[in-house]
Amino acid sequence: MHEELAALLAAMPDAQPETVAGRPFWRGHLEGRPVVAVLSRIGKVAAATTAAVLLDRYGAPAVLFTGVAGGLGAGVSVGDVVVARELLQHDMDASPLFPRHQVPLTGLTRFAADAPLSEALAGAAAEVLADLPAHLPPEARAEFALAGARLHRGLVLSGDRFVATAAESAALRAELPDALAVEMEGAAVAQVCHDWGVPFAAVRTISDRADDAAHTDFGRFVARVASPFSAAIVRRCLTRL
Ligand code: ADE
C-alpha cells in the first residue's frame, strides 16, 4: 500500500526513483543494504509485472512482500500478522484440463515461500508484536483493540477479488480449510519468483476478517497500523539476514 511504501522511503534518505512500466522503483539503502522499494499495485497481474521488473531489470537477489490481508483462519484477528509458508491462487481454475487451483504447466497449486527468508521475517515480526508500544501510539492500539496481536504462519490465498462478504470467506474456508488469510497479490509474486529461482517471503497485517465489515476503517487501519508494522518488520528482517 502507498502508506507502507512511504514509511519505508522515510528510512531510505538516498532513495531515487526510476519509472519503469509506469511504476516508480526507488533505489537506495535500507539498514545499510542496497534495496529497490516499489508499490506492487493491486491485483495479481499488476503485482506480477512489478515483480518481473524487480527480478529482470534490477536483478533482485530476493523479494520481500508486505501488505494487508483479510483474516480467514480461526483466531486470525485484525492487527495480527501472517507470515506465509505457502501461497495459492484461490481463483485459478483451469479444470477439467488441470486440477482446480493448479497453475497450468507448473504442476503446482501451492508456491512455497523461501524458508530462511521467512524465518527472518517471522523473527522480525515476533519482535515487533512483542513490543507494540514501541511501534504504535496508544490511540492506535486502543482504536483497533490491538493489545494481544499475534503472529501466524501458514497458507495465504490470493485472488483478483476483495473478499467482503461472510458468505465468500466461508466458501474459501470450506474449500481451503488451512488458509489463514486472503489478499490479492502474494501468490502471483511467489509464482514469478519461482520462475526466476529467486527467494521470496511475504508478511501481511490483518486489516479485516474478509466479511461484510471488511471495508470499514480500511484506509485508517493501513495508515495507522499496517504501515508502521510493515516498515518495522522489514527493517528488522534486513538486520537479521
Ligand atoms: N486485503 C485486505 N483485506 C482483503 C480482503 N478482505 N480481500 C482481499 N484482499 C484484502
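This is a predicted model: local features need pLDDT of at least 70, side-chain atom pairs count only at pLDDT 80 or more; totals for chains, interfaces and linings use all residues.

Visitor: How far from a nitrogen atom of the ligand is a backbone N or O atom of Val-163?

Guide: Val-163 is listed among the closest residues to the ligand, together with Gly-70, Phe-162, Glu-183 and Asp-208. For Val-163 the atom concerned is a backbone N or O, and its distance from a ligand nitrogen is 2.8 Å.

Visitor: Which strand gives the most residues to the shell around the ligand?

Guide: Three strands each supply at least two residues of the shell: S4 (63–71), S8 (179–183) and S9 (200–208). The strand that gives the most, with 3 residues, is S4.

Visitor: Which residue does a cis peptide bond join to Ser-95?

Guide: The residue in question is found in the loop between strand S5 (81–89) and strand S6 (111–112). Omega of the cis bond is about 5°, and the partner of Ser-95 is Pro-96.

Visitor: Is His-101 buried or exposed?

Guide: His-101 lies in the loop between S5 and S6, and its phi is positive, near 75°, although the residue is not glycine. A residue counts as buried under 20% relative accessible area. His-101 has a relative accessibility of 7%, and therefore it is buried.

Visitor: Is Leu-105 buried or exposed?

Guide: Leu-105 is found in the loop between S5 and S6, and it is a residue other than glycine with a positive phi, near 75°. The term exposed applies over 50% relative accessible area. The value for Leu-105 is 80%, so this residue is exposed.

Visitor: Which residue in S7 is the bridge partner of Val-83?

Guide: S5 and S7 pair in the parallel sense over 8 bridges. Strand S7 (residues 151–158) is mostly covered, with 6 of its 8 residues buried. The partner of Val-83 in S7 is Arg-153.

Visitor: Which residue in S8 is the bridge partner of Leu-155?

Guide: S7 and S8 run parallel and are joined by 4 bridges. The partner of Leu-155 in S8 is Ala-179.

Visitor: Is Gln-89 buried or exposed?

Guide: Gln-89 lies in strand S5. Leaving aside neighbours within four places in sequence, Gln-89 is in contact with Lys-44, His-101, Val-103, Ser-158, Ala-187 and Gln-191. Its relative accessibility is 7%, so Gln-89 counts as buried.

Visitor: Which residue has a side chain joined to that of Glu-175 by a polar contact of 2.7 Å?

Guide: Glu-175 is placed in helix H6 (residues 166–175), and with a relative accessible area of 35% it is partly exposed. Not counting residues up to four places away in sequence, Glu-175 touches Arg-100 and His-101. The side chain that makes the 2.7 Å polar contact with Glu-175 belongs to Arg-100.

Visitor: How far apart in space are Glu-175 and His-90, C-alpha to C-alpha?

Guide: In sequence, Glu-175 and His-90 are 85 residues apart. In space, their C-alpha atoms are separated by 9.2 Å.

Visitor: Which residue with a positive phi follows H7?

Guide: Helix H7 (residues 186–196) is mostly covered, as 8 of its 11 residues are buried. Among the buried residues are Gly-186, Ala-187 and Gln-191. The residue that follows H7, with phi near 70°, is Gly-197.

Methods
Residues are numbered from 1 along each chain as its sequence is written. Side-chain values use heavy atoms; hydrogens and water are left out. A residue is near a molecule or strand if one of its heavy atoms lies within 4 Å of it. A polar contact is a pair of N or O atoms within 3.5 Å; within protein, one must be able to donate a hydrogen and the other to accept it, and residues adjacent in sequence count only if both atoms are side-chain atoms. Buried means under 20% relative accessible area, exposed over 50%, partly exposed in between (1.4 Å probe, protein chains only). Two strands pair if DSSP finds at least two bridges between them. Contact means heavy atoms within 4.5 Å.
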